[in-house]
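Dear colleague,

I am passing on the structure below, followed by notes on what was found in it. Please read the notes with the coordinates open beside them.

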Amino acid sequence: MTMLTPSTRRAGAQLTRALATHATAPSEHAAKVTRHNWRRKEIKEIYDSPLMDLVFRAASVHRQHQDPSKIQLCTLMNIKTGGCSEDCSYCSQSSRYSTPTKASKLVDLDPVIEAARKAKENGSTRFCMGAAWRDLSGRKRGFDRILQMVREVRGMGMEVCTTLGMLSPEQARQLKEAGLTAYNHNLDTSREYYPQVITTRSYDDRLETISAVREAGISVCSGGILGLGESDADRVGLIWEVSCMPEHPESFPVNALVPIPGTPLEGNERVPHHTLVRTIATARIILPKTIIRLAAGRNTLSEAEQAMCFMAGANAVFTGEQMLTTPCSPWDEDKDMMGRWGLSGMQSFENASVAKKEGDRLEGTQPTKSADVSAGL
């Protein structure tokens with residue numbers, strides 16, 4: 001009979017633990033370092049790693065920087081539909097395509113306030129407003145109305161986000177003064193693939209708007225869309241692009257294309273779930289303090305598929321009646337799902353990156369809890 005010495009037993013135990021996961025979690029020091037000098041090759045190696053190892057690593061990084069039991073609930077309202085002069089090949093709001101989406105004018109203030117109140121009552125702590133414009137040039141009256149919308153929603157204690165096309169530094173400053181929390185301006189894909197998707201606005205145009213938003217002290221929400229016909233290299237390129245920014249975006253939306261009849265991409269196939277998970281996990285590792293937002297196309301995922309996205313590091317969703325032009329999962333369904341998985345809603349301004357941007361505005365105030373969130377969802 002072979003006797004095991006204490007040192008042999010310790011070695012065996014260490015070997016067993018390593019084989020149990022087949023992946024080593026990053027050290028505490030390494031996980032807490034936020035880098036802005038990632039090389040594409042490094043990101044590609046992470047993206048290409050075995051999927052289970054990748055998810056395990058992403059989950060480990062997530063736990064180093066954020067509470068993995070918290071999900072930010074956001075509601076999106078289309079405040080001005082259709083008639084956009086851009087040629088984004090995925091968008092039904094472009095005036096260049098014949099789609100089911102019909103153009104309408106900017107909505108009045110009252111419907112926005114009513115929608116924001118309903119969203120808050122149902123557990124959303126961020127209210128987002130989108131207008132289908134290339135930019136705000138010549139829209140002074142409309143912009144003034146939007147500034148009032150921002151003030152009113154912010155007065156409810158909610159985070160406020162808008163997406164209004166390209167912004168000038170002065171317009172960004174005015175939005176900040178009105179109380180805007182975040183501005184969404186997606187890069188959509190890699191710089192290399194971008195011309196295959198949009199020709200009416202350059203990649204640098206988008207980066208200039210993001211710079212104006214950042215310099216105004218507004219949180220940046222910028223991510224991309226999967227399923228445009230891009231390659232894995234383009235998904236890596238998108239993540240690399242945002243990783244090089246002076247500040248990582250506070251929010252990185254990951255959208256799965258919902259093909260809309262009449263658009264050039266109407267025949268594109270649904271992006272595979274494993275590609276969605278791989279992109280989320282890679283983004284979580286590269287952008288450890290960023291909110292990874294599971295956005296368009298989530299309603300096509302099963303509950304188990306969504307749960308794997310949360311395991312990989314996604315920690316925000318759009319919930320409510322619908323997104324801009326695509327379906328959305330209802331509040332009640334989302335709250336039931338989150339309850340089954342032990343998840344709860346994030347409070348307004350709970351994210352450290354958002355709170356830092358808000359600065360003195362949050363002094364003497366407490367993060368907002370909706371009735372549903374405080375009940376534990």
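Two strands are taken to pair if DSSP finds at least two bridges between them, and helices (H or I, at least four residues) and strands (E, at least two) are DSSP runs, numbered from the N terminus. This is a predicted model, in which local features need pLDDT of at least 70 and side-chain atom pairs count only at pLDDT 80 or more, while totals for chains, interfaces and linings use all residues. Residues are numbered from 1 along each chain as its sequence is written, and side-chain values use heavy atoms, with hydrogens and water left out.

The protein chain holds 14 helices and ten strands, and 55% of its 377 residues are buried, where buried means under 20% relative accessible area, exposed over 50% and partly exposed in between (1.4 Å probe, protein chains only). Of the contacts (heavy atoms within 4.5 Å) between residues at least 6 apart in sequence, 77% join residues at least 24 apart.

Strands 1 to 3 come next. Strand 1 (residues 70-80) runs parallel to strand 2 and is joined to it by six bridges, with leucine 76 opposite cysteine 128 of strand 2. Strand 2 also pairs with strand 3 in the parallel sense, over five bridges, and arginine 126 has glutamate 159 in strand 3 as its bridge partner. In a regular strand the side chains alternate between the two faces of the sheet. In strand 2 (residues 126-131), Arg126, Cys128 and Gly130 lie on one side and Phe127, Met129 and Ala131 on the other, and all are buried. Strand 3 (residues 159-163) is likewise mostly covered, with five of its five residues buried; Glu159, Cys161 and Thr163 point one way, and Val160 and Thr162 the other.

As for the interior, a nonpolar core is a set of buried Ala, Val, Leu, Ile, Met, Phe, Trp, Tyr and Cys residues joined through side-chain atoms within 4.5 Å. The largest has 85 residues, of which Ile79, Tyr90, Phe127, Leu175, Phe252, Ile280 and Leu294 touch the most other members. Helix 10 (residues 273-286) gives the most to this core, with seven residues. A second, separate core of seven residues includes Cys161, Ala182, Ala295 and Phe318. Leaving aside neighbours within four places in sequence, the contacts of phenylalanine 127 include Thr75, Met77, Val112, Glu159 and Cys161.

Two backbone positions deserve a look. Most residues other than glycine have a negative phi. Phenylalanine 349, in the loop between strand 10 (344-345) and helix 13 (352-358), has a positive phi of about 65 degrees and, at 9% relative accessibility, counts as buried.

Finally, the pockets: on a 1 Å grid over the protein atoms alone, a pocket is an open set of points where a 1.4 Å probe fits, with protein on both sides within 12 Å along at least five of seven lines, and lining residues have an atom within 4 Å of a point. The largest pocket contains about 370 Å³ of space, the volume being that filled by probe spheres set on the points, which are joined across faces, edges and corners. Its lining has 16 residues, of which Glu247, His248, Ser353, Lys356 and Lys357 lie nearest the centre. Helix 13 supplies the largest share of that lining, four residues.

With best regards
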